[in-house]
Amino acid sequence: MQSKSDSLIERKLKREVASRKAAEQLLEEKSLQLFSTNQQLEVALKQLEQRSLESFQRLEFKEKIERILIHFGRAFLRGNVDDILILDLLSQLNKVSDDLECELRVDIDLLPSLTQGIYYSSKLRDVDGSLLSQAADFVIPLETESGRIGEFRALIKGHNMDVGFVRSQMLIVFEQVASAIARQVTNVRLVKAKELAEESERATREFLAMINHELRTPLNGLLGSAELIGETNLTNLQKELHSNLSQSGEMLRSIINDLLDFSKMNAGMLALVEQAFNWHTLELTIRSIFEPKIAEKQLEFEIVSTVPDSLMLKGDLDRIKQIFVNLIGNAIKFTDVGSVSVVVTYQRGELQWQVTDTGIGISEEAQATLFNPFVQADRSSSRSYEGTGLGLAICKQLIELMDGSISLVSQPGQGTTFSVSIPLEGKKLSGADKYVQLEVPGNDAYSHLKILVVDDIKMNQIVITKMLSKLGISPDIATNGQEAVAMAQKEDYDLIFMDCRMPVMDGFEATRHLRALNYEKPIVALTAGTTREERETCFEVGMNDILPKPYTRNELHQALAKWS
């Protein structure tokens, strides 16, 4: 019995020992699992802390960049990009992080407001200016429409910062800088282009004014002398030579007028000068111009008008006359047999006319380009009709400048009809009307006048002196503005004819001096310049009227009638 009981106790003890060992082993295993879990948790916590720190650093970096973007975005809009603004921007960017340095390189030839060209600090560089070995860098090119003009560079300590993130933020900053610089470069180019265009326009205006004067001044002597010679006793041979001289001079005047007018139109220098006139006076002028040529070619010529003589029209008389002269002159030139007729009406506020000839006509193909400059229906070297090919182009531009219209109907071999319509203000004459028809007195009405002629060209002095002598006037002569001012202070002149371009003192300055001295008598400009600026200057300095060169005795007569 005793032995059996001891055996049971021994087995029980063995079981208890085995259970305790199993429990200890399980506890040891659980302890190891807990330790491993704790280690993993510590690693996870450390990773979480690292990610949170990086997120915070990114957020802080981004906020600083956004503040810089807002501040300098406003600065770029308010003013130009200059050295101070660029240095301030780079300074602010470099303060965002100790591990970041930015620099900018710009072609200063394209942006005058920048003087340095290279902008950087030496934060991430060695003493010799080279990059630190641990610094990473990237370059973003600065480009405009005309190509690359610089670059933006960022240097980063790669082990401390996320290079990709920093690059994305720097791209945003640089886009703003690049946009501001590109906009300013474009503005600089536009300003330079504008200055070049203005300089070119000034040069064109000065050239046109100069060539206008240089061509018209000798032409005044030529045509004036021819007109005076025609009034003397001539032999038949001399009359024939005089006729050739006059016709050649008139052809030369027409060519010069066409070339200068076309150049002035293209340069925007042609301006309309309105005045009151009636159709009757214009018709007389047209007849006087063309009747000799009509008689020479033995053509029929008629002008039919329903415009009443009492109707005063308001417009640029010289330019309207120029259109008539061009159209009628072409009709006569291209008509060898038959007639040229002009029909004029005024209705619904428009002066309308048709010029019809029985000449060679114009083909449909030629009609398509007829109003283009330097174009004639016959372009061959053996063509029978001379001319610059500018007349119709000028007519069209003048008519359009007056808000009018021009058209044509033509049949080769049968003739051509040009139709023109120009809106003009019309007013019937009355006793109290301020526009009165100018009545030109006879030649003997001017002998009492005291006239001063101011001109530095000897030939022009002779021409105007002879023309005035036909009206019983013996004028005094001054060769420059300084002489004119001195003579006008000593003599009481009824009228001064003042040339504009002269040595010592020009006509503009002389007129200013005279008006400053309270000289009130009329001063009429004798000018070969017909540009808008020169005409405006004439009136600005105090001149009363303009008699453009070359002038005829009749035009001189009309100026005397108007101002004496």
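Two strands count as paired if DSSP finds at least two bridges between them. With that in hand, welcome to this predicted model; we can start with its sheets.

**An antiparallel sheet**

Strand β7 (residues 311-315) is joined to β12 by four bridges, and the two run antiparallel. Within this pair, K314 stands opposite E425 of β12. Both strands belong to an open sheet of three strands, ordered β5-β7-β12, with antiparallel pairing. At its edges are β5 (275-278) and β12 (425-428), each of which pairs on one side only. From one strand to the next, the twist averages 35°.

**A parallel sheet and its helices**

Another open sheet has five strands in the order β14-β13-β15-β16-β17, and here the pairing is parallel. Its edge strands, β14 (476-478) and β17 (545-548), each have a single partner strand, so one side of each is left without a neighbour in the sheet. Ignoring direction, neighbouring strands of this sheet are turned by 20° against each other on average.

Strand β16 (residues 523-527) connects to β17 through four bridges, with the two strands running parallel. Look here for V524, which stands opposite D545 in β17. Two helices can be described together with these strands. Helix α11 (residues 507-516) lies across β15 (495-499) and β16, while helix α12 (residues 532-540) packs on the sheet and touches β16 and β17. Their directions are listed here:

| Helix | Strand compared | Angle |
|---|---|---|
| α11 | β15 | about 145° |
| α12 | β17 | about 140° |

Next, find helix α6 (residues 317-333) and helix α8 (residues 391-401): their axes come within 10 Å and cross at roughly 145°. This crossing is left-handed. On the α6 side, the contact is made by R319, Q322, I323, N326, L327 and N330, and on the α8 side by G391, L392, I394, C395, L398 and I399. Sorted by class, the contact of α6 with α8 has seven nonpolar, four polar and one charged residues.

**Two single residues**

Is Q461 buried or exposed? Q461 sits in helix α9 (residues 458-469), and its relative accessibility is 9%, so Q461 counts as buried, the limit for that class being under 20%. Leaving aside residues up to four places away in sequence, Q461 touches D455, D456, I477 and T479.

S243 is found in helix α4 (residues 236-266). With 28% relative accessibility, S243 counts as partly exposed. Between S243 and A226 there are 8.8 Å in space, C-alpha to C-alpha, and the two are 17 residues apart in sequence.

Notes
Residues numbered from 1 in each chain as written. Predicted model: local features only at pLDDT ≥ 70, side-chain atom pairs only at ≥ 80, totals over all residues. Heavy atoms only, no water. Buried < 20%, exposed > 50% of the residue type's maximum accessible area, 1.4 Å probe, protein only. Contact = heavy atoms within 4.5 Å. Axes fitted to C-alpha atoms, helices over the stretch in contact; angles between N-to-C directions. Left-handed = near helix turned anticlockwise from the far one by under 90°. Nonpolar A, V, L, I, M, F, W, Y, C, P; charged D, E, K, R; others polar.
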